[in-house]
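Here's a quick briefing on some side-chain packing worth a look.

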Amino acid sequence: MKENKGFVLRSLDTVERVGNKLPHPVTLFAIFALLVILASGVFGALGTAVQHPSPENDEIIEVQSLMSVEGIQYIFENTVSNFVNFAPLGTVLVTMLGIGIAERSGLITAALRALVMSVPKQLITAALVFGGIMSSMAADAGYVVLTPLGAVLFAGLGRHPLAGLAAAFAGVSAGFSANLLPTSLDPLLGELTIQAAATWDPVYAEGMNIAMNYYFLIVSVIVLTIVGTFVTEKIVEPRLGKYKGGVEEKAEGLTGVEKKGLIGAGIAFLVTIIGIALLIVPEWGPLRGPEGEVLQSPFFSSLVPVILIMFFIPGYVYGKLTEEIKNDKDVANQLSDTMAAMGAYIVLAFVAGQFIAYFNETNLGLVMAVRGAELLEASGLGGLPLILLFILIAGIINLFIGSASAKWALMAPVFVPMMMGTGISPEMTQLAYRIADSTTNVISPLMPYFAIVIAFAQKYDRKVGIGTLISTMIPYSIAFTIMWVLMLVIWMLTGIDLGPNAPIFYN
C-alpha cells in the first residue's frame with residue numbers, strides 16, 4: 001500500500017528530487033559563466049544601456065559583449081587574474097590557517113565538549129544550543145562532535161536523546177551565522193558583498209569591512225540560545241515523549257591532558273586579546289586611523305590576520321600541551337592538511353571568479369540592478385517588506401543549493417546593488433541573506449550533513465528518516481526566523497548599526 005504523506009513531506013520530497021538533479025556548484029558556475037558570455041553578446045548587440053545610478057555621475061552604462069574580439073581577448077588574458085582576484089579567496093585561506101590549527105590540534109573539539117559537559121543539568125539544553133551556535137568557528141566540529149554528544153548527554157540524563165540531537169543540530173546549523181567571535185564566514189561573504197557594492201558605489205564600498213554584521217550577530221547568539229532552549233523543552237521534547245529505545249549512553253569527560261591544554265589555551269587566548277588590544281585601544285596604537293579613529297582604521301581593514309592570530313596562538317599552545325604538536329613539522333603538516341581540505345573550495349573559487357569577473361566586465365550586473373531597482377521603486381515595495389521578500393527568496397534557494405558561498409557569489413552581484421538602489425545598505429542585504437541561509441539549513445535534505453545527522457539519530461531509533469528529522473527541526477526553523485525578523489524590526493526602528501560603521505540604510 002502506498003504511503004500517504006502530508007503536503008509538507010511531499011513538498012520536501014520534491015525539493016530533494018529537484019535538488020539532487022542540480023549540477024555540482026562548480027558545474028553550475030561554469031554554466032552561468034557561459035550564459036553571461038552569451039547574454040552579453042545578445043544585449044550588447046541590442047545596445048542595452050542604463051544611466052549610472054550615482055547622481056554625481058552622468059555616464060551611460062552599456063552592456064559590453066564578451067563575444068566581440070575585445071571580449072574574447074579579455075577572457076583569455078584575464079583567466080588567471082580573475083581567479084587570483086576572486087575577493088574571498090585569499091581572505092578565506094588565510095583565515096583557515098588559524099582556524100585549521102585550532103581545529104586539528106583538538107582545541108575546538110575539546111572546548112565544545114568542555115562547554116556542554118561542565119554546566120548544571122538544568123542548563124544542558126541551553127549549553128547545547130549555545131555550543132552549536134559557537135561551533136560555526138569550525139562548522140565540521142559542530143556537526144561531528146556536538147550533534148551526537150547532545151544525544152548522548154540527553155540519554156545519560158534520562159531524557160529523549162533525539163531532543164538533545166535536535167537542540168545541538170539547531171544551534172550548529174540554524175544558528176550558523178551567529179557567533180561571539182568573527183568566523184571564516186565573515187570574510188567569505190563580506191568580501192563578496194564589498195565587491196558587489198563597489199559596482200554601484202565604489203566610494204561607499206571602500207569604507208566597508210568584513211565585520212559589517214558583528215553587533216547584530218553577537219546579540220543573536222543570546223536570543224537564539226533562549227529561543228532554541230524554549231523550542232527544545234516546550235515543543236520538541238514533549239512531542240517526542242518518553243524514550244523507550246533502551247540505548248544507554250554515558251558521555252566521556254575530558255582527560256587530564258585535555259584539561260591542561262584547555263587551561264593553557266585559555267591563558268594564551270587572553271594574552272593574545274590583550275596584545276591585540278594594545279594595537280588599537282591606546283591613542284598611540286599603530287592600528288588606529290590617521291586622526292586616531294577606530295572605526296575607520298587599519299584595524300578593521302586587517303581583521304583577517306587578527307582572526308588568524310586569535311585562533312593560531314591558542315591552537316598551537318593547546319597542541320603543544322597535549323603533544324598533538326611536537327615540533328615545527330607537525331605545525332606545517334596541520335597547516336598543509338587544512339589547505340588540502342580547502343581543495344574543493346579553491347576549485348569552486350576558480351570557476352566562480354570567472355563568473356563574477358565576466359558579470360562585472362559586461363556590466364550585466366549593474367544593468368540588472370538598475371532595472372530591478374526601478375521596478376521595485378515603481379512597485380512601492382521597500383524597507384521591511386522588501387527585506388522580508390528577499391529573505392523568503394534566499395531561503396527557498398537555500399533548499400536547493402546548500403553552499404553559503406556559492407549562493408552568495410551568485411546572488412550578491414545582482415541583489416546588493418539592486419537593494420542599494422532602493423535605499424537598503426549592502427550590510428543589511430548581507431544580513432538578510434545570512435538569516436535566510438541559516439534558518440532553512442535544518443529543513444533542507446540537501447544540506448551536506450543532513451544524512452550524517454540522520455545516521456546519528458538512527459542509533460536511537462532505526463525508523464528515523466528524512467521526514468522524521470525535518471518534522472522535528474521545523475519548529476526551530478520557524479522560531480529562529482520569526483525571532484530574527486523581530487530583531488531586524490527592532491534594529492531598524494532604533495537605527496543601531498549592524499556592525500562597525502555598518503548602517504542599515506544606504507543614502
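Which residues form one aromatic cluster? They are Phe390, Trp408, Phe415 and Tyr433. Keep in mind that this is a predicted model. The aromatic pairs come to twelve, and a couple of them are picked out below.

**Tyrosine 204 and tyrosine 506**
- The ring centres of tyrosine 204 and tyrosine 506 sit 5.2 Å apart with the planes at 85 degrees, so this pair is edge-to-face.
- Tyrosine 204 belongs to helix H11 (residues 202-206), while tyrosine 506 is in the segment after helix H22 (466-494), so the pair ties together parts 302 residues apart in sequence.
- Tyrosine 506 has 15% relative accessibility, so with a cut-off of under 20% it counts as buried.

**Tyrosine 243 and tyrosine 460**
- Here's another edge-to-face aromatic pair: tyrosine 243 and tyrosine 460 are 6.4 Å centre to centre, with 70 degrees between the planes.
- Tyrosine 243 is in the loop between helix H12 (214-240) and helix H13 (256-280), and tyrosine 460 is in the loop between helix H21 (450-458) and H22, so the pair ties together parts 217 residues apart in sequence.
- Both tyrosine 243 and tyrosine 460 are buried.

**A charge over a ring**
- Arginine 159 lies over the face of phenylalanine 154, 3.9 Å from the ring centre.

**Threonine 338**
- You'll find threonine 338 in helix H15 (residues 328-341).
- Threonine 338 counts as buried, at 3% relative accessibility.
- Leaving aside residues up to four places away in sequence, threonine 338 touches Met96, Gly100 and Arg104.

Definitions and conventions: Residues numbered from 1 in each chain as written. Predicted model: local features only at pLDDT ≥ 70, side-chain atom pairs only at ≥ 80, totals over all residues. Heavy atoms only, no water. Phe/Tyr/Trp six-rings, centres within 6.5 Å; stacked < 30°, edge-to-face > 60°. Helix = DSSP H or I, 4+ residues; strand = E, 2+ residues; numbered from the N terminus. Buried < 20%, exposed > 50% of the residue type's maximum accessible area, 1.4 Å probe, protein only. Lys NZ or Arg CZ within 6 Å of the ring centre and 35° of its normal. Contact = heavy atoms within 4.5 Å.
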